[in-house]
Amino acid sequence: THLSTIAPAVLLVVFYFKDKRLLLGALGALGLLLTTGLFSEQRIIWPVFFLQLSIGVVLYARRLGLNRARIAVLLLLALLLAAATLLGSQISRFDKNPFPSVAMENDTRIGFWPKLVGRVIEHPLIGAGFGRSSMSKAYPDLIPPENSELWHPHNLILNYGLAMGVPGIAVLLLIWGALLKEYIRFWRSDDEGIRMLGACGIVLVIGVLARNQVNDMFMRDAAMLFWAFNGMLLGLGRRKMAFFAPAPATL
């Protein structure tokens, strides 16, 4: 969960600050998170990390001096590495729990999510109340008997939909869309530092949103870290944009 939030910070440290100590510290933190992520056997880590890496490479290809062919090769290598680690995590999980349900194609959530969508559609304007446990209290019949761990939607968007109906989903997407809009504005700046802040923010928002589509970990420390990081990026970006803004014409 932390990896999808911390990875953009490493991108920022590598390109925005020119301090080798910060660079080594950031790469060390990233390596530690990747190692612990491997042992955690969380499969979603690797597709999300590949997605964030791909976005970062595409957004900063010019700075890296990469043409289309080099971008394609780099992303292909990253995809193969992500696929290998994903496969390794799956094999490890199956060795510890050799049941058909552990296989990704038999994941209980595949048949679970359409039922949740149906409940949201049944009550589109009124949800079941706040909190991840609202589903288990309002709709206990939705909990699969073969998997009691699915006591909440395991999906950030569906969680808000069950809690507040379609308006809750709309507000959630508007908030995240507003963040992306501001970071895209940074990315279009002529100042290289502001562009870097924009790229980092885009990678952050998309990565954290993607990570929480198979489990809702957007709470407590993970949510606070996300909003704190956004506050720092937006605050620094706004200050720099104000500094580089042309002076108003005098009468």
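**Cavities and a helix pair**

The residues lining the largest cavity divide into 4 nonpolar, 3 polar and 1 charged. The model is predicted, and a search of the whole structure finds 2 cavities of 30 Å³ or more.

**The largest cavity**

- The volume of the largest cavity is about 70 Å³.
- Its lining consists of Thr 1, Leu 3, Ser 4, Ile 45, Val 48, Phe 49, Gln 52 and Arg 211.
- Helix H1 (2–16) and H3 are the elements that give two or more residues to this lining.
- H3 gives the most, with 4 residues.

**The second largest cavity**

- The second largest cavity has a volume of about 30 Å³.
- It is lined by Thr 1, Ser 4, Thr 5, Val 208, Asn 212, Met 217, Phe 218 and Ala 222.
- This lining divides into 4 nonpolar and 4 polar residues, with no charged ones.

**Helices H2 and H3**

- Helix H2 spans residues 20–40 and helix H3 spans residues 45–59; their axes come within 11 Å and cross at roughly 150°.
- Angles over 145 degrees count as roughly antiparallel, and H2 and H3 are therefore roughly antiparallel to each other.
- On the H2 side, Leu 30, Leu 34, Gly 37, Leu 38 and Ser 40 meet Ile 45, Trp 46 and Phe 49 of H3.
- By class, this contact has 6 nonpolar residues, 2 polar residues and no charged residues.
- Ile 45 and Phe 49 take part in the contact with H2, and Ile 45 and Phe 49 also line the largest cavity.

Terms used. Residues are numbered from 1 along each chain as its sequence is written. This is a predicted model: local features need pLDDT of at least 70, side-chain atom pairs count only at pLDDT 80 or more; totals for chains, interfaces and linings use all residues. Side-chain values use heavy atoms; hydrogens and water are left out. Axes are lines fitted to C-alpha atoms, for helices over the stretch in contact, and angles run from 0 to 180 degrees between N-to-C directions. Angles under 35 degrees count as roughly parallel, over 145 as roughly antiparallel, 65 to 115 as roughly perpendicular and the rest as oblique. Contact means heavy atoms within 4.5 Å. Ala, Val, Leu, Ile, Met, Phe, Trp, Tyr, Cys and Pro count as nonpolar, Asp, Glu, Lys and Arg as charged, and the others, Gly among them, as polar. On a 1 Å grid over the protein atoms alone, a cavity is a set of points where a 1.4 Å probe fits but cannot get out, and a pocket is an open set with protein on both sides within 12 Å along at least five of seven lines; lining residues have an atom within 4 Å of a point. Grid points are joined across faces, edges and corners, and a volume is the space filled by probe spheres set on the points.
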